[in-house]
Amino acid sequence: MLTIINSFFIDLCILFTLFTISFLPFRNRPRLTPHSPLKARVLLGVQSAFTATILLGNALHLEGVLIDLRAIPITLAVLFGGWVSGAVAAVLFLIGRFFMITNGEYVGFYLAIATMVALVLPASLLRLKLDNTRSTLLVFTTIGAIVFGAAFYYALPLDLFYPILLVYLVMSYVGACAAYRLLQELRRHFENVQHQQQLARTDALTGIANRRLLNEAMANLTVEAEEYALILVDIDHFKRVNDTYGHDVGDDVLRELGMLLVAESREDHLVGRFGGEEFLIIMPNAQKDEVSRLAESIREKVSTFPFETSAGTLHITVSLGACHSNDIEVDSVLKHADEALYHAKESGRNRFILAS
């Protein structure tokens with residue numbers, strides 16, 4: 001009896017370790033569902049089959065039967081990835097089981113086929129109706145307990161059947177619930193890490209990219225884009241707005257301008273607050289004429305846009321300076337854009353200048 005319990009506890013340790021490692025490729029991806037991309041569901045099936053096969057290698061050998069916790073990774077594959085993940089996991093596991101046949105003993109292999117079909121098929125059909133919850137996992141675990149219990153009853157003498165079935169049931173339910181909780185906690189942890197990373201790269205006031213993210217994007221420009229452009233946008237007489245209406249109204253203007261710039265720009269552009277009342281638009285793979293069109297469009301839109309603030313509707317203007325890459329370093333592009341912005345403000349404001 002002690003040997004049986006020891007074997008199952010080793011299986012649980014293997015299960016938790018492999019689940020933690022297997023989760024890493026999915027940590028930055030959305031949660032897996034039966035509607036996730038096919039590639040992700042197949043990958044989940046492959047990983048689940050690998051885990052089940054490793055458990056098989058550590059199985060308890062009794063009366064020519066291999067007893068382990070293979071049902072847990074298989075049912076979890078169905079729970080998260082639906083029938084695709086479950087089918088992939090079952091087929092790959094059976095391939096591994098086939099190569100473990102020794103001395104021509106095919107009874108265990110035939111039992112493995114029967115248990116996989118009896119487990120994956122009803123679980124996959126139920127998954128079409130049930131959600132990804134612990135209750136659904138318990139239903140799947142119950143199916144597995146019935147299927148494998150029947151296999152044990154067929155293959156083992158009664159004096160071994162009852163103690164093995166009792167330990168198997170306890171370990172199956174405990175292992176399934178613990179593994180599910182482990183995966184949920186790992187998901188929460190990495191989502192929290194992603195959230196904190198996003199906060200570190202987002203301007204707290206406007207909700208758009210901050211200086212740190214803009215600098216990172218500019219550092220990658222020469223690698224990712226053959227040509228690009230930078231547009232600096234500065235609010236005209238912004239100090240007057242703060243002095244007249246207060247900083248809360250100035251913050252309202254900054255927030256609305258940030259949203260306006262994002263709305264006017266393309267999805268592949270990066271819009272961020274560069275500092276104070278200055279914004280930066282990074283345009284990868286941009287033609288020179290695109291830069292002028294976007295800048296003039298922004299200038300005209302801002303000049304007529306009603307900025308709704310706590311002090312009422314305000315009208316502001318912006319000055320813009322830009323520079324196209326022309327195979328020069330990004331620091332030089334930014335410097336030329338800044339000089340163009342300076343000339344735009346010095347020559348009357350509410351205008352755009354493209355550095356030559």
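A contact here means heavy atoms within 4.5 Å. The model is predicted: local features need pLDDT of at least 70 and side-chain atom pairs count only at pLDDT 80 or more, while totals for chains, interfaces and linings use all residues. Residues are numbered from 1 along each chain as its sequence is written, and side-chain values use heavy atoms, with hydrogens and water left out.

**View 1. The whole protein and its overall dimensions.**
Residues 24 or more positions apart supply 71% of the contacts with a separation of 6 or more in the protein. The protein contains 11 helices and nine strands; helices (H or I, at least four residues) and strands (E, at least two) are DSSP runs, numbered from the N terminus. Its radius of gyration is 31 Å, whereas a compact globule of 356 residues would have one near 21 Å. That radius is taken over C-alpha atoms, and the globule rule is 2.2 Å times the number of residues to the power 0.38. Along the principal axes, the C-alpha atoms fill a box of roughly 95 × 45 × 35 Å.

Of the 356 residues in the protein, 49% are buried; buried means under 20% relative accessible area, exposed over 50%, and partly exposed in between (1.4 Å probe, protein chains only). The protein exposes about 17800 Å², of which carbon and sulfur atoms supply 59%. Accessible areas come from the Shrake-Rupley method with a 1.4 Å probe, and for residues only the protein chains shown count as cover. The 29 positive and 36 negative charges have mean positions 5 Å apart. In this count, Lys and Arg are positive and Asp and Glu are negative, with His and the chain ends not counted; each charge is placed at NZ of Lys, CZ of Arg, CG of Asp or CD of Glu.

**View 2. Strand β5 and its neighbouring strands.**
Two strands pair if DSSP finds at least two bridges between them. Strand β5 (residues 278-284) runs antiparallel to strand β4 (residues 270-275), and five bridges join them. Leu270 has Ile282 as its bridge partner in β5, and the partner of Arg273 in β5 is Phe279. Two residues lie between the strands in the hairpin of β4 and β5, where Gly276 takes a positive phi near 60°. Strand β3 (residues 228-235) is also antiparallel to β5, with seven bridges between these two strands. In this pairing, Ile231 stands opposite Ile281 of β5.

**View 3. The two faces of strand β5.**
In a regular strand the side chains alternate between the two faces of the sheet. On one side of β5 are Glu278, Leu280, Ile282 and Pro284, on the other Phe279, Ile281 and Met283, and all of these residues are buried. Because seven of the seven residues of β5 are buried, this strand is largely enclosed by the rest of the structure.

**View 4. The surroundings of Leu280.**
Leu280 belongs to strand β5 and is buried, with a relative accessible area of 0%. Leaving aside residues up to four places away in sequence, Leu280 touches Leu214, Met218, Leu230, Ile231, Leu232, Leu270, Val271, Gly272, Phe274 and Leu334. The C-alpha atoms of Leu280 and Leu230 are separated by 6.9 Å, although these residues are 50 residues apart along the chain.

Glu267 is located in the loop between α9 (247-264) and β4. Its relative accessible area is 84%, so Glu267 is exposed. From Glu267 to Met283 the C-alpha distance is 10.0 Å, with the two residues 16 residues apart in sequence.

**View 5. Helix α1 at Ile14.**
Ile14 is part of helix α1 (residues 2-23). Not counting residues up to four places away in sequence, Ile14 touches Ile54, Leu55 and Asn58. Ile14 and Pro284 are 270 residues apart along the chain, and their C-alpha atoms are separated by 47 Å.

Most residues other than glycine have a negative phi. Arg349, which is not a glycine, has a positive phi of about 65°; Asn350, also not a glycine, has a positive phi of about 50°. Arg349 is found in the loop between α11 (330-346) and β9 (352-354), and Asn350 lies in the loop between α11 and β9 as well. Arg349 counts as partly exposed because its relative accessibility is 29%. Asn350, at 27% relative accessibility, likewise counts as partly exposed.
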